[in-house]
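Open the model in a viewer and keep the selection tool at hand. The stops below go from one site to the next, with a note on what to select at each.

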Amino acid sequence: MSTITARNWSNWSGFVRAEPKLVAAPTDAGELADLVRTAPGPLRVAGAGHSFTPLVASQGSIVSLEKIEGLVSHDVQSHRARVRAGTRLGPLMHILQGLGQGLPNMGDIDRQAIGGALGTATHGSGLTLGAYHTRLETVQIVDGRGELREFDRTRDQDMIHAMGVALGAFGILTEVTLNNIATYRLRRRKWVLPIADMLRDFEMMMAAHRSAEFYYIPFSGYAQFIASDLSDANPTTRPTDDDEAGLATLRKLSRGLRRLPWLRRSLIRGAVKKVPAEDYVQDWLNVYASDRQTKFNEMEYHLPFEEGPKVITQIIELTEKHFPEVYFPMEVRSVAPDMFWLSPFYKRLTCSIAIHHDAANDPEPFMRAAEPIFRRHGGRPHWGKMHSLKAADFKKLYPRWDDAMAVRRDIDPENRFVSPYMAGLFGIGR
Ligand SMILES: Cc1cc2nc3c(=O)[nH]c(=O)nc-3n(C[C@H](O)[C@H](O)[C@H](O)COP(=O)(O)OP(=O)(O)OC[C@H]3O[C@@H](n4cnc5c(N)ncnc54)[C@H](O)[C@@H]3O)c2cc1C
């Protein structure tokens, strides 16, 4: 095990910082269990630190599972794979491909640990595709007393539904079994269209593909639509990712032309209209993820699907009237309903809307102004992205909230995993 004392910890964007007494990376479940029993509390587990909320922050101990990673076992017939929870999605994709398996869907990046992705209901896009946690078959955890426990979907369905989205508060995941599918190939197409057309045909366009999503480019009036569908065709070359170059142009225009909004709009529109369409076929693992180098902070709300176009329109108006510094595209996706008690997709077909703000500047005025719009339309926040909600709000948004809290108390009766931030989320100590 490696342990470090009094090291500064920060998340990917640099917005969340902590000075824990101890940072530890155990190498197996036994070492992890010892830490849970003895390390200074509160004890928070870190995946890859890609959440924007202070879920991982602790003044006690931060435990990384980076050394508890890799494949445990797999089943050829059922396409199931049991993996250690610290495995990053990038290596996981390659392990699964080697077994003839595929993750049915993915988000925008492959840097997260599987335990971290499960912890906040990380998702991709697709009306019939659920978030990562919907593939859970078994979970093995170290609970708040330092005991190893195992739950299985067929035997312990309620426990799996309670703990599938668990924010690092329902024990520390050590191993999970994922119910994957046979490896597959996707045809991915991207093209630009006026946002008015996109919103008019929203339902039809989001439903017309296995996976569909779009980015609205602020101050342009245009969106870039991305559609992925299963394909048997031979692979073709994936075009070079030019997202970073595009962002650099948008940032330059936003800084240089803030006082000339009409010129900014006209130049952005001209540039966006020239973005070439893309059309390629690749194995699933070469399609979903992109490299994100420009640091940002993010808020994402999950809304009832039909609320999507209204909310998108209002967020665009807000951005373009009051926040000229915003240049990151707004991302719009859909997610299938599920039965997990703390899942933002609980029993609800979802339209997810994500807004971003350059990490070099204070994101809070923009996020504070946008959040009431999301909330007025029944939004549930992404657990790993900026929001200001507390236990009383969640209780209204999650029908099984009290049941989930009862399971949490059973798993962690002494609140070993409860930091001040988590206490606010769960309403502990009030
Ligand atoms: C550039 C970027 C792109 C992103 N794209 C997407 C996207 O496309 N879709 C999406 O939904 N989200 C996206 N996110 C958000 C991100 O997927 C989530 O915040 C995710 O939880 C981060 O995973 P992580 O491994 O970094 O976990 P962390 O942020 O380190 O931890 C997240 C939570 O999981 C818990 N946790 C971690 N490991 C374990 C474990 N072993 N056992 C129990 N609990 C654990 C932590 O305690 C914490 O509560 C993105 C974030 C960034 C920075």
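Start at the second largest pocket, whose lining is made up of nine nonpolar, three polar and four charged residues. The model is a predicted one. To find the pocket, select F15, E364, M386, H387 and S388, which are the closest to its centre among the 16 lining residues. The space there comes to about 290 Å³. Next, colour residues 364-376: this is helix 10, and its four residues are the largest share of the lining of the second largest pocket.

**Second stop: the cavity**

How many cavities of 30 Å³ or more does the structure hold? There is one. In general, empty space between atoms is found by rolling a probe the size of a water molecule over them. The largest cavity holds about 70 Å³ of space. Select Y216, P218, I316, T319, V326, F328, P329, M330, I355, H356 and F366 to show its lining. Helix 9 (308-322) and strand 20 (350-358) are the elements that each give two or more residues to this lining.

Now select the ligand and the residues around it. The shell has 37 residues, and V45, G47, H50, S51 and T120 are the closest. By class, 16 of the shell residues are nonpolar, 16 are polar and five are charged.

At H50, a backbone N or O atom is 2.7 Å from an oxygen atom of the ligand. At H123, a polar backbone atom lies 2.9 Å from an oxygen atom of the ligand. At L173, the polar backbone atom is 2.8 Å from a nitrogen atom of the ligand. How much of the ligand does the protein cover? On its own the ligand has 960 Å² of accessible area, and the protein covers 99% of that.

**Last stop: what the shell is built from**

Colour strand 5 (43-46), helix 3 (114-119) and strand 12 (172-179); each of these supplies at least two residues of the shell around the ligand. Which element gives the largest share? Helix 3 does, with four residues. Finally, colour by domain: domain 1 (71-183) and domain 2 (185-381) each contribute at least three residues to the shell around the ligand.

Methods
Residues are numbered from 1 along each chain as its sequence is written. This is a predicted model: local features need pLDDT of at least 70, side-chain atom pairs count only at pLDDT 80 or more; totals for chains, interfaces and linings use all residues. Side-chain values use heavy atoms; hydrogens and water are left out. A residue is near a molecule or strand if one of its heavy atoms lies within 4 Å of it. A polar contact is a pair of N or O atoms within 3.5 Å; within protein, one must be able to donate a hydrogen and the other to accept it, and residues adjacent in sequence count only if both atoms are side-chain atoms. Accessible areas come from the Shrake-Rupley method with a 1.4 Å probe; for residues, only the protein chains shown count as cover. Ala, Val, Leu, Ile, Met, Phe, Trp, Tyr, Cys and Pro count as nonpolar, Asp, Glu, Lys and Arg as charged, and the others, Gly among them, as polar. Domain bounds come from an automatic or database domain assignment. On a 1 Å grid over the protein atoms alone, a cavity is a set of points where a 1.4 Å probe fits but cannot get out, and a pocket is an open set with protein on both sides within 12 Å along at least five of seven lines; lining residues have an atom within 4 Å of a point. Grid points are joined across faces, edges and corners, and a volume is the space filled by probe spheres set on the points.
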